[in-house]
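Hi everyone, thanks for coming. Let me put the model up on the screen, and then we can walk through it together.

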Amino acid sequence: MTHPRYPHVFTPLDLGFTTLKNRILMGSMHTGLEDIPGGFERQAAYFAERARGGVGMIITGGIIPNHEGGGGSKLSTPEEAAEHRIVTEAVHAADPDVKICMQILHTGPLAMTPDAVAPSAIRSRIGRFVPNELDEDGIEKQLGDFAQCAAMAKLAGYDGVEIIGSAGYLLSAFLVEKTNLRTDQWGGPFENRMRFPVEVVRRVRAAVGRDFIVIFRIAAMDMLEGGMAWDEVVTLAKAVEAEGVNIISTHFCWHEAQVPTIATMVPRAAFASVTGRLRKEVGVPVITSNRINMPAVAEEVLARGDADLVSMARPMLADPDLVKKAAEGREDEINTCIACNQACLDHTFGGKLTSCLVNPRACRETELNYPPVTLVRSIAVVGAGPAGLAYAVTAAQRGHQVTLYDAAPRIGGQFNLAARIPGKEEFSETLRYYNRMIEKLGIDLKLDTRADAAMLMGYDKVVIATGITPRRPEIEGIDHPKVAGYVDVIMGRVPVGKTVAIMGAGGIGFDVAELITHQGTSAAMDIAVFAKEWGIDFANHPRGGVTGIVPEVARADREVTLLQRKASAPGKGLGKTTGWTHKLTLQRRGVRMVGGVEYLRVDDEGLHTLVNGEPQLFAVDTVVICAGQVPLRALYDELVAAGVEAELIGGAYEAMELDAKRAINQASELAAVA
Ligand code: FAD
Ligand code: NAP
Ligand code: SF4
């Protein structure tokens with residue numbers, strides 16, 4: 001029967017020898033579970049939970065075919081295949097109709113080993129080693145290892161493999177002129193440059209036989225100066241199709257690209273039209289991806305004919321039940337991925353286990369659980385910011401009776417401020433999710449209610465999540481009319497002049513700079529604006545999608561300087577995978593960034609400082625304070641003094657280096673044992 005809301009999403013896809021039950025797959029993500037002791041058991045739980053959650057197909061994190069392929073988990077022997085069986089059996093036991101394919105990842109020039117190999121000995125901008133140029137025997141060995149890895153994946157019980165041919169890894173290094181300087185049959189004209197990837201597909205197909213899914217991940221846009229031209233993308237797609245791939249999956253960047261492709265300021269489904277163009281050129285089904293985080297977006301993309309399948313990777317970390325909720329008409333219960341990268345990619349690139357800011361259980365399925373309670377307690381939670389919300393919802397899900405207080409007229413705390421920053425519109429999805437869960441779980445929500453100790457006396461337990469208050473540095477003139485706090489500026493309660501100094505260059509200082517230098521439509525909400533600001537030409541598709549295109553960012557109509565006391569470069573503490581985008585955008589708008597500042601006083605002339613010991617006046621109309629926060633915990637102290645069982649969480653517990661990831665994680669861990 002056709003699904004009333006998502007007819008395309010819930011139409012099965014017949015691959016001839018096997019059928020995918022719907023059009024949503026969980027895209028490949030390296031989580032770190034691949035590489036730790038006990039990792040197979042943990043992956044089994046992690047993937048099985050997503051299989052139960054309704055996804056049609058799962059692609060694992062990348063598994064290397066040989067030592068040269070990188071530092072991760074390797075599959076090349078029957079003994080290694082036996083360990084993978086733990087994962088495939090768990091997924092098939094959870095739902096026999098869910099397919100699981102293993103990604104074969106050879107990182108080529110990006111491998112963290114001096115034995116790294118590549119078509120030419122060219123070090124990547126982000127690579128650690130100069131790779132060793134492959135000779136003819138070396139190429140033959142790599143091809144054999146790909147085939148062996150695929151054969152072992154079949155032995156391990158996978159339904160298929162995905163070969164990654166993009167992102168700057170081995171296969172894509174052959175495809176692009178600047179990383180392939182060879183003059184033999186593996187380099188030079190495109191038909192030679194594509195020989196290696198096509199041969200990999202041929203060998204893999206020969207190794208696994210016909211009835212086994214083979215997916216090729218192609219860089220439909222490299223996002224790289226001198227990347228593949230459109231006709232080359234099409235030629236490659238047709239060639240791998242001819243060698244027997246069942247599905248082509250489109251990918252949109254090299255890791256070294258200077259264009260954001262999945263961060264929260266990227267519009268939803270921004271790249272799907274490129275997949276749509278490729279789909280017209282090939283006969284096999286194509287997958288699109290990137291910033292498709294809700295079923296309605298997936299449905300639109302499929303209905304437009306841009307793809308046959310939609311890959312959602314991070315959204316499956318955020319909510320393992322996403323597909324099931326869509327199927328059952330419960331999409332308002334989806335805990336949406338807000339594309340912050342804070343607990344997933346930032347962790348991966350920081351060498352930590354992946355998780356999720358909005359779902360700290362992600363990748364911790366065997367250790368962080370929320371079992372039903374045996375003793376129901378009445379719990380008051382004070383403060384409905386991220387910490388209080390996570391605690392209240394988790395405790396209520398477990399069966400406790402929860403009352404949630406907030407002094408404000410709406411839930412969300414500081415997340416309401418975050419959602420007002422252009423490029424962070426997705427943050428409001430988290431508040432939509434929590435509003436719905438409060439309603440569904442019957443949490444007694446008391447808004448516009450500033451809780452005091454007297455109100456909280458009758459509960460079995462009180463949880464204080466009252467957050468923070470912004471810090472006001474104690475300098476002369478801090479009460480001058482030129483001085484404004486970030487809350488008033490973000491809420492639009494105070495006028496901001498044409499010349500502005502921002503005191504504090506942390507996450508909030510950067511966000512305020514973004515807000516007050518931004519003009520027109522937010523790039524996150526408009527693909528054309530996004531393309532212009534980041535220099536992408538979707539229509540003409542020059543090499544890599546970006547060659548020769550100059551980003552057009554409107555200079556700010558006010559002069560803004562971001563200041564910090566530390567001598568280091570401002571922005572250093574921002575997210576590993578997103579900080580550079582914020583910095584680059586502000587620099588393009590003309591924002592100045594100054595470190596090594598000592599604040600002296602504010603007066604009618606402006607902000608007086610010492611910069612690296614030298615007096616400097618910032619003659620500005622407005623000084624915005626973004627100087628961090630201090631915890632609001634007086635209520636907790638009062639309750640403890642009165643003998644009430646109370647717990648402190650979020651910013652109220654510790655404001656230093658607090659973010660929503662830590663607030664939600666701490667609250668969830670405590671509510672799990674409440
Ligand atoms: P808060 O969010 O401060 O919530 C506390 C709540 O308690 C408030 O709603 C308040 O009204 C209520 N309250 C206080 N006292 C009482 C009382 N007596 N009775 C009833 N209610 C009371 N974090 C990230 O991880 N990523 C980001 O990208 C990010 N961007 C941000 C952008 C901006 C502009 C801002 C301001 C913050 C951003 N943050 C970000 C930080 C993040 O929002 C905070 O770390 C998080 O909100 C802290 O959660 P909390 O629940 O501890 O406190
Ligand atoms: P923050 O990142 O800790 O930055 C505070 C800033 O204030 C720093 O620049 C600090 O640098 C300065 N400062 C501290 N004490 C000061 C003092 N006494 N006088 C003057 N300046 C002082 O905190 P935030 O910007 O307030 O952000 C709060 C939290 O929200 C952060 O933990 C952040 O992670 C999170 N957040 C994250 C994002 C994101 O994109 N991931 C965005 C916004 C907020 P100096 O001491 O060097 O001056
Ligand atoms: Fe999405 Fe952020 Fe969770 Fe990563 S950490 S999955 S980007 S919500």
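Ala219 sits opposite His251 of strand 10. Strand 9 (residues 213-219) and strand 10 (residues 247-251) run parallel, paired over 5 bridges; strands here are DSSP E runs of at least two residues, numbered from the N terminus, and a pair needs at least two DSSP bridges. Both strands belong to a closed barrel of 8 strands, in the order 3-4-5-8-9-10-11-12, with parallel pairing.

A quick word on what you're seeing: this is a predicted model, where local features need pLDDT of at least 70 and side-chain atom pairs count only at pLDDT 80 or more, while totals for chains, interfaces and linings use all residues. Residues are numbered from 1 along each chain as written, chains are lettered from A and ligands numbered from 1 in written order, and side-chain values use heavy atoms, without hydrogens or water.

Now, on to ligand 2. Which residues come nearest to ligand 2? Of the 21 around it, they are Ala505, Ile508, Arg565, Lys566 and Leu658, where "around" means a heavy atom within 4 Å. Backbone polar atoms reach oxygen atoms of the ligand: 2.8 Å for Ala505, 3.3 Å for Gly506 and 2.8 Å for Lys566. Alone, ligand 2 exposes 890 Å², and the protein buries 78% of that (Shrake-Rupley, 1.4 Å probe).

And where does ligand 2 lie? Domain 2 (378-469 + 631-671) and domain 3 (474-519 + 555-627) both contribute residues to its shell, so ligand 2 lies between them; the bounds come from an automatic or database domain assignment.

Definitions and conventions:
A polar contact is a pair of N or O atoms within 3.5 Å; within protein, one must be able to donate a hydrogen and the other to accept it, and residues adjacent in sequence count only if both atoms are side-chain atoms. Helices (H or I, at least four residues) and strands (E, at least two) are DSSP runs, numbered from the N terminus.
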